[in-house]
Amino acid sequence: MVRLEKGKFDDFIRSLAEDYIVYAAVTAGGKSSFKVVASAGEIDEGRLLTDRSPKEIFFPHSEVLFEYDGDGIRETKKAAKPIAVWGLRGCDVKSLAMLDKVFGTARQMPDNEMFEDPYWKRKYDNSLIFGLACNEPRSTCFCNWLGGGPHSEDASDIFVIDTGEAFLMQPVSDKGKAFIGKMTDAAGASAAGASVAKASGADEKKAAELASGARAMMAEPPALDGLDEKLKGIFHEDIWEEMSAKCVNCGACAFVCSTCHCFDVQDEGKGGKGKRIRIWDSCMFPIFTREASGHNPRHLSSDRFKQRVMHKYSYFVDNYGESLCTGCGRCVIVCPVGVDIREVIKRVLSFEGKGAR
Ligand code: SF4
Ligand code: SF4
């Protein structure tokens, strides 16, 4: 573990920006999101959770896949530098690792070719992720329900703890170890800029105190064992109408969610030239599943609500062995009618109707 004094933070970010496209939490117009920064002064350092999730760094809301005209197809240009993300909270680091299972895992196509998403991979595979510990979780955070925690290092390259006076940096992955190695190596110091010192025993004690203090601020989680099976068991019950009664299918929960990844592909063109664009979509929207015949298999609001919950806590478990939810709480914060996914989970767990197992 190394210690970077806050007074050196600007040097650090400026130096990092020489080798990477650096993203960090920025607040503008009252809304926060991850944006490209060149200096520490642009960063909203105290921000616990950004309003918009960081998935848009690697999976933008709208992304041109290629352009075409009479001469053929041209792919969009690759960025000249790799991406570094500073200050991702543990839930958001985990969300990127989940999305990497979807976009970054090679899978067999009907013609037996293997396919993985090149647009995701060329950004995520080379990225350097600085996870940032949460010393004071919000009341809407429930990462501890889903195997996470406010000081979770999982999937970070470098895990950072803000002690108030300094950032303590713990390398986690091989990439992180190589980066910190360069920072501490006098010969490579210029590559990483700001000088760091080895963390002291007092630093490590402080880090442990902050971690146990943060854990103590979170309520005890309910046991979620068997949630996926319980969901399958109640698929045909009318509990879904009760749980979705308030939902207006605005899709805000899916758009702020760090793990929702439905998209549509559209062509924008005229006169033989144009571009193909990938755009976020949501299973909460009525036309998401409408077929060309006009038939819609998820024609009811409750069916769409059920799909989102089933995908997160049952289907994704079947496919990838974990829930597609990090407990970030963004959907709880943003829902205009007060739907709280934690209450939905608790209601499912307590349901004792005929479909319950
Ligand atoms: S934000 Fe709330 S109202 Fe909007 S789709 Fe999600 S659950 Fe429904
Ligand atoms: S479902 Fe809600 S709590 Fe879970 S990852 Fe998405 S926004 Fe966060």
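Over how many bridges do β4 and β5 pair, and in the parallel or the antiparallel sense? β4 and β5 pair in the antiparallel sense over four bridges.

## Basis of the model

This is a predicted model, in which local features need pLDDT of at least 70, side-chain atom pairs count only at pLDDT 80 or more, and totals for chains, interfaces and linings use all residues. Residues are numbered from 1 along each chain as its sequence is written, chains are lettered from A and ligands numbered from 1 in the order in which they are written, and side-chain values use heavy atoms, without hydrogens and water.

## The four-stranded sheet

β4 and β5 belong to an open sheet of four strands. Its order is β5-β4-β14-β13, with antiparallel pairing. The edge strands are β5 (72-75) and β13 (263-270), and each pairs on one side only. Neighbouring strands of this sheet are turned by 25 degrees against each other on average, direction ignored. Y68 stands opposite I73 in β5.

Two strands pair if DSSP finds at least two bridges between them. Helices (H or I, at least four residues) and strands (E, at least two) are DSSP runs, numbered from the N terminus.

## The eight-stranded sheet

A second open sheet has eight strands in the order β3-β2-β6-β9-β10-β11-β1-β12. Its pairing is mixed. The edge strands here are β3 (31-36) and β12 (197-198), each pairing on one side only.

Strands β9 (residues 128-132) and β10 (residues 158-162) pair in the parallel sense over three bridges. F130 has I158 in β10 as its bridge partner. Helix α3 (residues 90-103) packs on the sheet and touches β6 (83-89) and β9; contact means heavy atoms within 4.5 Å. The direction of α3 makes about 130 degrees with that of β6. Axes are lines fitted to C-alpha atoms, for helices over the stretch in contact, and angles run from 0 to 180 degrees between N-to-C directions.

## Around ligand 2

Ligand 2 is surrounded by 13 residues, each with a heavy atom within 4 Å of it. The closest are C257, C325, C328, G329 and C331. α11 (301-320) and α12 (330-334) each supply at least two residues of this shell.

The shell divides into five nonpolar, five polar and three charged residues. Ala, Val, Leu, Ile, Met, Phe, Trp, Tyr, Cys and Pro count as nonpolar, Asp, Glu, Lys and Arg as charged, and the others, Gly among them, as polar.
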